[in-house]
Amino acid sequence: MADGCFVAGDWGTSHLRLFLCDADGAVLDSTTGPGVAQVKTGFPEVFESLLDTWEKSRGKLSAVLCGMVGSSIGWTAAPYVACPTIPGNIMDGCVSLRGGLVSVVPGIRCENRLRAADFIRGEETQVLGALAREPGLRHGRKLLCLPGTHTKWLLLEDGVIREFLSAPTGEVFGVLRDHSVMVRDDSRAEREIGAAAFEAGVKRCREFPGTQVLHLLFECRSRLLNGDMQAGDAAAFLSGLLIGSDVAGAVELFADTIADTTVHVVGAPQLTRLYASALLNHAHGAKCLDGGQASLAGLTRVHQFLTSRAEANAV
C-alpha cells in the first residue's frame, strides 16, 4: 500500500463495481462482478479474485464497500445508524473485515414524517460525497433527492442528516412497464424517455393535484387505445406520471421544512434530468449531481477518515 491506493466499491443486489483509486479518489482502474444476490462461492473468494491483479503489483489493498454487501444477505451485517446523525457517525460505524483491510459502510435508519420506519443502504455514501463536493449543503436546511429504484428524499440541517423518506418509484415503473398490460413493449429494450410524453405525464399530475396516481395510471393504455398517444410513448408517459406524483408528494410533505426552493438531485444523469424537469413544474429549481461521482467522493471521504483515525490511534 506504499502508493496510497485503495479500492472503492459499491456492492449492490444486482451488481458489484470496484474502483482502484489513488489517495485523493481519482480512479486508476475499475472492474465489475456479481451482485450480492448472485454470489455462490462466498464473498471473500469473489472479492479477492477481483482484486488479485491489482494486489499482485501493489500488495494488499485496503477497501471501502457500500451497499447490500452490508445487509443481512451480504458479506456481513453492518448495523444501521439512527437519524438524526452527523456524517462522522456513519464513517465511525464501519464494520471491518479481511483483517481490517475491508471496511463496510453502515446504512442509516429513521422514523420518517409519515411515522414509519425507513432505511437507506448504499445511498448514504452519495450523501457523504455530496456534502464533500458541495460545501453549501452544510449550512441551513437543504432537501436532497436521490432518485433510483427506491428514491430517497433526505433533509439536511447544518450538515446533519435529520430524516428521509423512501418511494419505490423506479421499482413500480419497472414492474408496470415489463409485467402489465398498461405499457406493451415486447422488446424489453431500454430506451431514452421521450421528453414530450414524459412532460405530459408530469403535467397530468399537476392538472389534478388532489387525485391519487392510481386514478391516472390506466391512461397509459387508454390514450393508446383512443389514438391520443403514439405507440412507444406509453413508457415515457408512465414515467412522467410516477415521477410527477413522487415529486408532488415530496414537495408537499417537506414544504414546511425547507426555505430554499432548490433541491439537490443526486443520481444517474438521465434520472436527475427527469426529476429536475418535474421539480420545475412545482416551482423548485434543481442542482444535479452525478450519483456515481458522489458515491466515489463519499467512499473516498470514508477511506480518508478511517486512515486518519488509524494513524491517530497508532501514535
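A search of the whole structure finds 0 disulfides, a disulfide being a pair of cysteine sulfur atoms within 2.5 Å. This is a predicted model, in which local features need pLDDT of at least 70 and side-chain atom pairs count only at pLDDT 80 or more, while totals for chains, interfaces and linings use all residues. Residues are numbered from 1 along each chain as its sequence is written, and side-chain values use heavy atoms, with hydrogens and water left out.

**Cysteines**

- The closest cysteine sulfur to that of C5 belongs to C21, at 8.4 Å, which is too far for a bond.
- C5 counts as buried, at 5% relative accessibility; buried means under 20% relative accessible area, exposed over 50% and partly exposed in between, with a 1.4 Å probe and protein chains only.
- C145 is likewise in no disulfide, and the nearest cysteine sulfur, in C288, is 9.3 Å away.
- The relative accessible area of C145 is 0%, so this residue is buried.

**Helices α7 and α8**

- Helix α7 (residues 234-253) packs against helix α8 (residues 269-280) at an angle of about 60 degrees, with the axes 9 Å apart.
- Helices here are DSSP runs of H or I with at least four residues, numbered from the N terminus; axes are lines fitted to C-alpha atoms over the stretch in contact, and angles run from 0 to 180 degrees between N-to-C directions.
- The two helices, α7 and α8, are therefore oblique to each other; angles under 35 degrees count as roughly parallel, over 145 as roughly antiparallel, 65 to 115 as roughly perpendicular and the rest as oblique.
- On the α7 side, S239, I243, D246, V247 and V251 meet L271, L274, Y275, A278 and L279 of α8, where contact means heavy atoms within 4.5 Å.
- By class, this contact of α7 with α8 comprises 8 nonpolar, 1 polar and 1 charged residues; Ala, Val, Leu, Ile, Met, Phe, Trp, Tyr, Cys and Pro count as nonpolar, Asp, Glu, Lys and Arg as charged, and the others, Gly among them, as polar.

**Helices α5 and α7**

- Helix α5 (residues 195-207) and α7 pack at an angle of about 40 degrees, with their axes 7 Å apart.
- This angle makes α5 oblique to α7.
- Residues of α5 that meet α7 include A197, F198, R204 and C205, and their counterparts in α7 include F237, S239, L241 and I243.
- The contact of α5 with α7 divides into 9 nonpolar, 5 polar and 1 charged residues.

**E219**

- E219 lies in helix α6 (residues 219-225) and is buried, with a relative accessible area of 13%.
- Leaving aside neighbours within four places in sequence, E219 is in contact with R204, M229 and F237.
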